[in-house]
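Here is a short briefing on charges and contacts. Keep the sequence and the 3D view open while you read.

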Amino acid sequence: MTAVIQAVLNGTMMGSMYGLTALGLTLIFGVMKVVNFAHGSLLMVGMFAAYWLIKLTGMHPYFALFIVPPFLFFFGYFMQDLVIKPVFKAEQQVREPLTVIIVTTGVWYVLDNLALMLFGAEYRTVRTAISGTSFMLGEVIVSIPKFSGFVVAVATAVGLALFMKKTRTGKALQATSLDREAANLMGIDQYRIYNLAFGIGTAIAGIAGCVIIPFYYVYPSVGVVFDIRAFIIVVLGGLGSIKGAMLGGIIVGLIESVFSQYITSTWTEAIIYAIFLVILFVKPSGFFGHKQDW
Amino acid sequence: MSRKQLDLALLGLAAVVSFALPLAIESPTYLQILILLFFYAYLTTSWNLVGGFAGVLPLGHSVFVGIGAYTSTILSLQYGISPWIGMLVGGALAALVGVMIGKPTFRMRGAYFALCTIAFAEGIRVMIENLDAIGPFKLNGPRGLLIPLKGDSFWNYQFMHKEPYYYIILFMLILVLALTWFISKSRMGYYLAAGGDEPEAAQALGVNVARYKLIAMAMSSFLTALAGTFYAQLMLYFYPKGLMGLDLSFEIAFIALIGGRGTIAGPLIGALALRPLNEFTRIYLSDQLPGLHLVIFGLILIMVMLFQPKGLTPPLAKLYDRLANRITGDKAAEGASK
């Protein structure tokens with residue numbers, strides 16, 4: 001019994017990391033209707049940024065939360081402005097642009113392999129003040145870095161939801177996601193909104209990078225691990241939905257951790273793909289998605 | 001000389017040169033590079049039947065390469081059936097899987113379709129990686145299959161020199177290019193193009209878009225599987241991650257997009273532009289800078305999408321038109337094409 005509770009707890013905590021990754025992806029998709037294939041790579045950039053900051057300065061990992069996400073915000077902002085926007089403009093008439101997906105794939109290749117050139121292929125971990133620490137909750141062990149990551153993930157999701165609901169910018173983001181022509185007519189600069197959405201989505205990948213680094217290794221293609229899961233999660237939760245991303249993330253984390261008690265982890269991966277396909281066929285709009293998005 | 005004569009003359013010249021090339025190239029390394037160039041051009045042309053003409057973005061074609069390689073290799077290793085026959089069995093199996101994937105997914109929007117094909121392909125790869133055998137068929141899990149060396153034998157699809165492989169893949173490429181050309185001029189080609197651009201409108205005109213997409217998918221996966229057998233016999237060893245991974249699927253799509261999807265010459269131009277670069281950076285730079293060739297690959301992709309979203313073929317075709325008209329002295333046409 002304890003083993004099951006332990007698995008559920010670990011799955012929830014790891015799942016919140018997947019959810020956090022999916023959050024940025026779902027925001028960008030919600031606003032732009034673009035699946036950003038480079039999202040995992042942006043997470044990798046965030047992880048490496050946090051890694052070097054902590055390694056070189058010895059700062060507390062959560063202090064990096066004030067440095068890495070803002071840096072990644074600008075990274076995403078300008079990436080969208082310089083690389084994605086021109087292609088997007090050319091494809092404006094298409095409801096779901098495919099060339100843009102390909103451009104983001106190109107960005108993925110460039111970022112992953114630049115990291116490979118710069119840092120090599122080895123797996124790196126950095127010892128932080130909280131690495132390997134834990135506390136007991138009854139009979140189960142709770143890892144402190146994972147638990148803190150979970151708290152940050154939930155806080156980020158709540159913060160993003162509030163931002164979308166309460167602020168003018170958030171409302172502009174929502175308006176653009178619902179109807180870009182109408183939003184344009186209301187005086188919202190569509191492309192500035194896209195820059196913002198991309199910037200915020202990337203900044204969230206930066207937050208994820210900072211909280212993952214104390215308990216996970218970083219290597220150039222680490223993004224793929226989270227990327228594939230993030231795709232599955234956003235489809236599961238409904239593309240564009242914030243709570244869908246968090247819930248979907250936790251579900252995928254739970255499936256992984258509970259199943260891996262009984263079968264090998266590679267089979268768990270196959271099960272996740274199978275579930276993904278079933279959802280696509282049965283309810284492609286996911287839990288909280290809009291039918292028309294599909 | 002008329003324009004048509006010039007086109008035919010150049011085509012003939014290209015044919016003579018490509019048939020004569022192995023006579024001029026001594027180094028097996030360079031011949032191997034050429035073989036792989038044609039191999040990728042062949043794969044991309046097969047992909048183009050769906051990804052180009054039908055206007056969707058399949059990103060899981062490596063699964064068909066895998067089905068082809070596994071089927072023919074298992075049949076030959078365990079049952080002594082010639083890979084030439086196994087190749088056709090693998091093709092048929094891949095076509096079946098292609099239709100199974102295509103049937104439910106073709107009604108999806110672009111990004112969902114792309115994600116779905118990835119999930120299918122990765123799902124099948126992970127399964128093969130986890131299975132030591134399916135029934136009586138030994139798969140060997142992640143270790144893959146090794147084809148024992150039996151020496152020069154056409155029946156066993158094994159040759160000690162590279163030349164036969166060169167001519168086989170050249171022949172396959174010519175065949176698939178001819179097939180694509182034939183389809184693009186046929187009713188099916190028009191239906192596919194119409195279904196890709198304006199599915200609703202095509203449907204309203206009575207075109208059964210889904211049916212033609214499925215036929216294209218079946219053909220595409222069949223042809224892709226044949227390349228899987230070729231690869232297995234060329235390398236004599238393959239394993240799931242190397243053969244059926246996302247990398248190959250994406251590379252096929254990249255070559256098509258850089259060359260120009262939906263055009264006949266596109267895959268060939270894309271492969272010509274990318275493969276040599278890929279091979280040479282891999283040979284000469286990968287020791288010092290691993291990953292550099294993929295950085296260049298990604299940068300080229302981004303640049304082409306930014307400045308030539310339709311790929312390199314349309315501007316090259318225009319250039320050729322201008323030159324051809326100048327050579328044939330067709331002043332009127334030259335003026336018109338400007």
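Predicted model: local features only at pLDDT ≥ 70, side-chain atom pairs only at ≥ 80, totals over all residues.

**The network in chain B**

- B:Asp321 and B:Arg3 meet through their side chains in a salt bridge, at 2.8 Å from N to O.
- This pair links distant parts of the chain, 318 residues apart. B:Arg3 lies in helix 1 (residues 3-24) of chain B, and B:Asp321 lies in helix 14 (residues 313-328) of chain B.
- B:Asp321 has a relative accessible area of 29%, so this residue is partly exposed.
- B:Arg3 is also partly exposed, because its relative accessible area is 25%.

- A salt bridge joins B:Arg125 to B:Glu122, and their closest N and O atoms are 2.8 Å apart.
- Both B:Arg125 and B:Glu122 sit in helix 5 (residues 110-130) of chain B. They are 3 residues apart, about one turn of the helix.
- B:Arg125 has 5% relative accessibility, so B:Arg125 counts as buried.
- B:Glu122 has a relative accessible area of 6%, so B:Glu122 is buried too.

**A salt bridge in chain A**

- A:Glu122 and A:Arg124 form a salt bridge, with 3.6 Å between the closest N and O atoms.
- A:Arg124 is buried, with a relative accessible area of 15%. The cut-off for buried is under 20%.
- A:Glu122 counts as partly exposed, because its relative accessibility is 44%.

**The positive patch on chain A**

- A patch of positive charge on the surface gathers A:Lys165, A:Lys166, A:Arg168, A:Lys171 and A:Lys243.
- Two helices of chain A, helix 5 (144-166) and helix 6 (168-178), each supply at least two residues of this patch.
- A:Lys165 belongs to helix 5 of chain A. A:Lys165 has a relative accessible area of 58%, so A:Lys165 is exposed.

**Contacts of B:Met219**

- B:Met219 lies in helix 9 (residues 209-235) of chain B.
- Leaving aside residues up to four places away in sequence, B:Met219 touches B:Leu49, B:Leu179, B:Ile183 and B:Met188.
- B:Met219 and B:Ser46 are 173 residues apart along the chain, yet their C-alpha atoms are separated by 7.9 Å.
- B:Met219 is partly exposed, because its relative accessible area is 23%.

Notes. Residues numbered from 1 in each chain as written. Chains lettered and ligands numbered in written order. Heavy atoms only, no water. Patch = residues over 30% accessible without salt bridge, like charges linked within 9 Å, V, L, I, M, F, W, Y side chains within 5 Å. Areas by Shrake-Rupley, 256 points an atom, 1.4 Å probe, with all protein chains shown as cover. Salt bridge = Lys/Arg side-chain N within 4 Å of Asp/Glu carboxyl O. Lys, Arg positive; Asp, Glu negative; His and termini not counted. Charge placed at Lys NZ, Arg CZ, Asp CG, Glu CD. Helix = DSSP H or I, 4+ residues; strand = E, 2+ residues; numbered from the N terminus. Buried < 20%, exposed > 50% of the residue type's maximum accessible area, 1.4 Å probe, protein only. Contact = heavy atoms within 4.5 Å.
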